[in-house]
There are 6 protein chains.
Amino acid sequence: MIYITRKEQFSAAHKLYRPEWSDEKNLAVFGKCSNPNWHGHNYILEVTIKGEINAETGFLVNLSDLSRVVQRDVISKVDHKNLNLDVDFMSGKMVSTENLAVGIWQQMEAGISALGCKLHCVKLQETEKNVVEYYGE
Amino acid sequence: MIYITRKEQFSAAHKLYRPEWSDEKNLAVFGKCSNPNWHGHNYILEVTIKGEINAETGFLVNLSDLSRVVQRDVISKVDHKNLNLDVDFMSGKMVSTENLAVGIWQQMEAGISALGCKLHCVKLQETEKNVVEYYGE
Amino acid sequence: MIYITRKEQFSAAHKLYRPEWSDEKNLAVFGKCSNPNWHGHNYILEVTIKGEINAETGFLVNLSDLSRVVQRDVISKVDHKNLNLDVDFMSGKMVSTENLAVGIWQQMEAGISALGCKLHCVKLQETEKNVVEYYGE
Amino acid sequence: MIYITRKEQFSAAHKLYRPEWSDEKNLAVFGKCSNPNWHGHNYILEVTIKGEINAETGFLVNLSDLSRVVQRDVISKVDHKNLNLDVDFMSGKMVSTENLAVGIWQQMEAGISALGCKLHCVKLQETEKNVVEYYGE
Amino acid sequence: MIYITRKEQFSAAHKLYRPEWSDEKNLAVFGKCSNPNWHGHNYILEVTIKGEINAETGFLVNLSDLSRVVQRDVISKVDHKNLNLDVDFMSGKMVSTENLAVGIWQQMEAGISALGCKLHCVKLQETEKNVVEYYGE
Amino acid sequence: MIYITRKEQFSAAHKLYRPEWSDEKNLAVFGKCSNPNWHGHNYILEVTIKGEINAETGFLVNLSDLSRVVQRDVISKVDHKNLNLDVDFMSGKMVSTENLAVGIWQQMEAGISALGCKLHCVKLQETEKNVVEYYGE
């Protein structure tokens with residue numbers, strides 16, 4: 001069993017805000033992340049997959065295939081977007097890093113399986129100080 | 001003459017968009033940065049100042065004073081903000097990294113002088129691949 | 001189950017030295033880390049916690065609460081300190097990175113539980129080349 | 001149980017190429033990595049070991065011993081080498097990052113055991129975007 | 001006057017070797033970099049250009065244009081190549097980081113001028129510890 | 001004219017403290033850096049030299065010679081030391097990053113000249129947020 005991690009980046013806007021709450025309550029709970037006019041981040045996404053090494057190529061999967069899946073299923077949908085307004089798989093959810101990592105897992109699980117290996121971990125860095133990991137369970 | 005650089009970060013939303021242009025022309029010139037619903041970045045700001053070492057303290061300036069000026073004159077105005085909508089010193093300007101670096105210089109020049117030294121360089125990283133430097137001339 | 005990691009830094013002095021040994025034996029075992037007049041490091045601390053996502057906030061915990069606990073229980077006690085002389089929870093122990101990671105775990109376990117989640121890992125980097133991880137068992 | 005990671009680097013040439021295939025098929029499968037005249041990387045190797053803390057020293061192992069084993073069993077054999085032509089333990093294998101990580105594990109397992117602890121993980125970064133991990137099973 | 005830096009990476013093989021010298025002399029002068037079977041690196045290239053900000057776009061140049069020139073004039077010629085054998089602009093030269101930086105400057109100067117700005121600096125990192133800068137004079 | 005930068009690290013203890021001042025005044029001026037029992041850092045030192053490329057080797061200087069000078073004149077004197085107590089060239093001076101950078105310049109200037117090139121810049125990072133540069137004038 002071998003593990004491979006592919007690292008990609010995307011830049012997006014978001015806010016943490018519950019519309020049924022007052023601005024005051026949003027500020028109390030979400031702090032400056034509740035700014036009504038949005039803010040944004042350079043997110044660093046690390047996708048880890050696992051499986052057996054192919055004897056002929058020496059690869060778990062061809063990295064160009066892995067990269068294509070990550071681009072198609074995630075990066076193309078979130079890069080230079082507003083995560084609250086533009087991203088269908090986050091619709092109706094709080095756009096926290098936690099929920100975003102879970103959403104990215106759900107977007108990618110089938111495409112990774114189709115490559116003949118398994119998704120192991122989605123790791124998502126919002127800032128240098130804050131990182132979330134999700135293992136699908 | 002000694003140079004000191006202080007590094008800070010802020011997270012903000014922005015877009016590159018001229019309202020008098022069509023969406024098509026904005027997309028052609030500004031690419032995905034023209035997304036009408038905004039996107040965002042973790043900006044890394046490096047402020048370099050220069051001057052003489054104080055014999056008694058061994059300092060060019062007390063770093064807590066420098067940090068206070070950077071927070072007061074820049075970070076508090078741009079962190080977790082929308083650079084197009086919330087930041088007075090960018091009002092009416094294209095919010096490119098170039099213009100933002102020049103705007104930050106103008107915000108900070110007087111405060112740095114008041115510390116008894118000179119502003120030397122404002123360096124602003126938008127993503128890992130793109131960095132702007134401005135030396136005030 | 002979701003995992004969140006918070007990254008903090010602190011700067012401290014220490015030495016590796018057993019007073020009942022000669023300087024020669026200390027040098028033989030601990031090398032340059034035994035320098036009697038101390039040396040120091042910028043330590044990078046990564047605290048990983050785990051638990052369930054709160055449906056209302058989208059958070060495992062509010063990061064400002066997590067940050068407050070790390071500051072109160074660890075950073076305020078070790079930053080700009082002498083780990084051998086100034087830190088009560090290292091008293092009477094060799095100040096190796098291993099023992100320091102275990103000590104930090106013990107300092108933080110109750111405070112993390114009080115946030116409604118569990119401490120998963122304490123990761124401590126002494127230099128770019130050396131990192132210790134402790135999982136509480 | 002405590003985990004320690006030692007980080008080292010080496011610079012080496014390699015190619016991904018099956019001699020029984022045509023250049024066209026090699027290019028189709030391995031892309032630009034099949035360049036007949038080689039290419040190369042700065043590989044970053046992270047070796048993680050695990051075991052109990054020694055009460056007298058506070059160490060899992062003396063890091064100078066760990067560093068010596070990594071140098072002797074791996075770095076001296078791969079640094080500034082051609083991984084296809086110069087490295088006996090990769091002879092007859094495709095020099096993928098996956099196979100190289102497994103080969104490094106096999107090179108180091110006995111030497112780490114001789115230090116009185118266990119090899120836990122070999123992590124190998126080929127580029128900033130691609131990382132492989134192997135846990136020996 | 002504003003400065004913009006674009007950062008790119010490429011992976012390549014090379015050796016430092018004078019064929020008219022003996023292997024012994026090559027080893028004495030160039031050390032392990034003289035390995036006859038090549039070695040390689042992940043080179044990090046930073047290209048800095050300078051000029052005036054365009055009032056309409058807020059740009060010095062459109063970064064997609066800058067990126068295209070760097071790809072066309074440099075990256076496509078050196079990435080996943082053997083710098084001694086495959087790169088026409090290094091033909092007949094010692095492939096030191098110094099000479100490579102000068103060669104890259106010469107490759108890029110005209111293309112950067114055609115964008116309406118000036119090449120200011122080529123910075124080339126061979127390993128984390130060694131960096132070369134060339135300013136064209 | 002070509003510039004080469006060599007990056008090294010050292011770990012050391014220090015404090016900022018004027019013995020003729022009270023503890024209160026030291027705390028007011030130097031903050032937590034005045035802790036009487038010391039604290040410490042991993043310092044990152046970047047030494048930049050400049051000169052002409054040697055046509056035969058392609059080198060400004062042989063990096064092993066540059067590394068040897070940096071080790072001999074600086075690293076061996078400051079690594080795993082107390083900068084206030086153990087380092088002769090800082091004796092009687094405030095051990096600020098500014099003064100340390102100037103002191104390192106003075107230590108290295110002659111040795112770099114003896115290599116046939118010129119010292120251009122000493123850059124010293126105390127923490128990720130604070131960096132000092134000295135150009136010898």
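**Close-ups of where chain E meets chain D**

**View 1. Polar contacts link chain E to chain D.** In this predicted model, 21 residue pairs are in polar contact between chain E and chain D, counting pairs with both residues at pLDDT 80 or more. On chain E, the elements that give two or more residues to the side touching chain D are the strands β1 (2-14), β2 (39-51), β3 (81-82) and β4 (118-127). What kinds of residue make up that side of chain E? They divide into 11 polar, six charged and five nonpolar.

**View 2. Salt bridges cross the interface of chain E and chain D.** The rule finds two of them here. One pairs the side chain of Lys32(E) with that of Asp79(D), at 2.8 Å from N to O.

**View 3. Chain E and chain D bury area against each other.** Each chain brings 22 residues to the contact: 22 come from chain E and 22 from chain D. Together they bury about 1,800 Å², and carbon and sulfur atoms give 45% of that. Which three residues supply more than any other three of the area that chain E buries against chain D? They are Asn37(E), Asn42(E) and His80(E), with 32% of it.

**View 4. Some chain pairs have no contact.** Take chain A and chain E: no contact joins them, and their closest C-alpha atoms lie 15 Å apart. Chain B and chain C are also not joined by any contact. For that pair, the closest C-alpha atoms lie 15 Å apart.

Definitions and conventions
Residues are numbered from 1 along each chain as its sequence is written. Chains are lettered from A and ligands numbered from 1 in the order in which they are written. This is a predicted model: local features need pLDDT of at least 70, side-chain atom pairs count only at pLDDT 80 or more; totals for chains, interfaces and linings use all residues. Side-chain values use heavy atoms; hydrogens and water are left out. Contact means heavy atoms within 4.5 Å. Buried area is the accessible area (1.4 Å probe) that two parts lose on being put together, summed over both. A salt bridge is a side-chain nitrogen of Lys or Arg within 4 Å of a carboxyl oxygen of Asp or Glu. A polar contact is a pair of N or O atoms within 3.5 Å; within protein, one must be able to donate a hydrogen and the other to accept it, and residues adjacent in sequence count only if both atoms are side-chain atoms. Helices (H or I, at least four residues) and strands (E, at least two) are DSSP runs, numbered from the N terminus. Ala, Val, Leu, Ile, Met, Phe, Trp, Tyr, Cys and Pro count as nonpolar, Asp, Glu, Lys and Arg as charged, and the others, Gly among them, as polar.
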